[in-house]
Amino acid sequence: MSSCTPETVTIDQHPAAPQDASGPGRHPVVTSLALSAGTAALVGAEFIPAGVLPGMAADLEVSEGRAGLTVAATALAGALTAPTIASVLPRADRRAVLLSLLGLAIVSNLVVAVAPSLSVVLAARVLLGVAIAGFWSFALSVGVHVTGRAALVSTTVALGTSTATIIGVPVSSVLGDVIGWRAVFVLISAVTLVAGGVLWRLLPPVPAQPGAGLAMMRVVLGNRRLVAGVAVIFAAAFANFAAYPYIRVAIEAIDVSMVSVLLLAWGLGGLLGNLAGGALSRWLRWAATAGPVIMAAALILLGTTEQTAVLAVSVVLWGIGFNMVPVTTQLWVSAIEPRRVESAVALQVTAFQVAIMSGAVVGGLLVDHQGPSAAMLLGAGVGGLAAIGFASIAVRPRAA
């Protein structure tokens with residue numbers, strides 16, 4: 001991993017040498033796709049409530065705003081897990097850890113599928129939060145250890161996130177109307193099991209990073225530029241997640257007939273944003289800035305329009321803008337802390353999970369009291385602040 005200028009960054013290598021490419025799963029693309037499959041299964045489960053929110057709320061006899069707390073519960077657990085899991089498992093084989101986390105997600109989804117009340121759903125979603133935060137924290141360092149290609153791994157893993165938006169929201173919305181929201185959680189359990197099988201077959205054993213644990217995290221927290229950047233990452237993620245759990249509600253308020261089509265359009269826009277984030281990663285500072293700018297503009301349109309055509313444009317732009325953020329921010333923290341990627345990415349994950357939790361809570365309050373447009377406009381304002389933050393921080397690696 002090397003830096004050319006504060007605005008031009010090349011991220012291709014990792015200090016840990018890649019493994020011998022002769023073994024199973026050691027090919028860069030194969031390894032990255034295996035990790036992407038696990039990410040897609042986990043993130044798909046995380047955002048299923050956004051697609052089945054009305055049915056879930058009615059079945060559990062709670063408001064849609066309260067049902068949105070199922071996303072917040074997952075994020076709370078993730079926020080607590082991401083910065084601590086490496087300390088709890090400082091020497092554990094990362095392949096075994098990733099497989100165990102997928103198993104935990106399966107348990108969570110099956111419990112949700114049979115839960116009699118919101119409290120049981122929230123408890124099960126805590127387990128999912130642990131699984132997501134741990135998997136996301138280790139995925140980049142595992143992939144780069146095996147392949148030596150950070151940009152490829154980050155783009156491909158984030159592609160799993162973008163794919164999950166297609167699975168987790170629009171497809172779950174359609175399936176929820178046909179087979180019920182509980183059956184959707186059973187289905188995602190099966191998908192997660194398949195993803196675990198892919199990882200088990202293709203991913204080689206991966207040792208923990210040297211020095212992983214509390215000592216590495218303390219050093220990383222001493223990097224003021226990184227900590228400032230993590231705060232900006234929080235703002236960018238908050239901007240999205242104050243609005244995203246309520247995207248179906250917002251679309252229904254304008255044109256209920258377009259719900260399924262536009263949820264799919266958001267996901268397809270996400271795929272474009274994911275690829276754009278990876279393609280523009282050489283200019284990392286400005287790529288990180290562009291995502292929140294596009295997202296903020298889209299949310300302003302969505303929060304103020306009553307026209308279906310404008311609604312469609314805003315949803316696609318929202319998908320593009322936000323899905324640039326996971327790719328560019330993961331590479332951003334890795335560029336600043338190239339020798340401590342595991343801990344740096346853990347802080348990025350923590351920022352995302354805290355943002356998901358707080359965004360869902362604040363957005364839910366706004367939706368219940370002022371309607372979905374208020375949540376969209378809040379996201380737009382905070383997204384604009386995030387764009388200013390990214391534009392203000394130079395991307396330079398910390399000295400060893």
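Both Trp 266 and Trp 318 are buried, where buried means under 20% relative accessible area, exposed over 50% and partly exposed in between, with a 1.4 Å probe and protein chains only. The model is a predicted one, in which local features need pLDDT of at least 70 and side-chain atom pairs count only at pLDDT 80 or more, while totals for chains, interfaces and linings use all residues. Residues are numbered from 1 along each chain as its sequence is written, and side-chain values use heavy atoms, with hydrogens and water left out.

The protein chain contains 17 helices and two strands; these are DSSP runs numbered from the N terminus, helices being H or I with at least four residues and strands E with at least two. Of its 400 residues, 60% are buried. The accessible surface amounts to about 13,700 Å², and carbon and sulfur atoms contribute 70% of that area; accessible areas come from the Shrake-Rupley method with a 1.4 Å probe, and for residues only the protein chains shown count as cover. Among contacts (heavy atoms within 4.5 Å) with a separation of 6 or more, 86% join residues 24 or more positions apart.

Aromatic pairs number twelve in the structure. Rings of Phe, Tyr and Trp (its six-membered ring) pair if their centres lie within 6.5 Å, and planes under 30 degrees apart count as stacked, over 60 as edge-to-face and the rest as tilted. The ring centres of Phe 241 and Phe 322 are 5.3 Å apart with the planes at 80 degrees, so this pair is edge-to-face. Phe 241 belongs to helix α11 (residues 224-241) and Phe 322 to helix α15 (residues 308-336), so the pair ties together parts 81 residues apart in sequence. Phe 241 and Phe 322 are buried. Trp 266 and Trp 318 also form an edge-to-face pair, at 6.1 Å centre to centre and 85 degrees between the planes. This pair links distant parts of the chain, 52 residues apart, with Trp 266 in helix α13 (residues 259-279) and Trp 318 in helix α15.

The C-alpha atom of Ala 228 is 8.7 Å from that of Gly 389, a residue 161 positions away along the chain.

Helix α1 (residues 28-46) contains Thr 39. The helix has 19 residues and spans 27 Å from first to last C-alpha, close to the 27 Å expected at 1.5 Å a residue; the expected span is 1.5 Å times one less than the number of residues. Because 15 of the 19 residues of α1 are buried, the helix is largely enclosed by the rest of the structure. Thr 39 is itself buried, with a relative accessible area of 5%. A polar atom of its side chain lies 3.0 Å from the backbone oxygen of Leu 35. Beyond its neighbours within four places in sequence, Thr 39 contacts Gly 44, Phe 135, Val 157, Gly 160 and Thr 161.

Helix α9 (residues 181-202) has 22 residues and reaches 32 Å between its end C-alpha atoms, close to the expected 32 Å. Its buried residues include Trp 181, Phe 185, Ile 188 and Leu 199. Viewed down the axis, the buried residues of α9 fall within an arc of 145 degrees, so they line one face of the helix; the arc is that of the directions from the helix axis to the C-beta atoms. The face turned away from the buried side of α9 carries the exposed residues Leu 193, Val 194, Trp 200 and Arg 201.

Conventions. A polar contact is a pair of N or O atoms within 3.5 Å; within protein, one must be able to donate a hydrogen and the other to accept it, and residues adjacent in sequence count only if both atoms are side-chain atoms.
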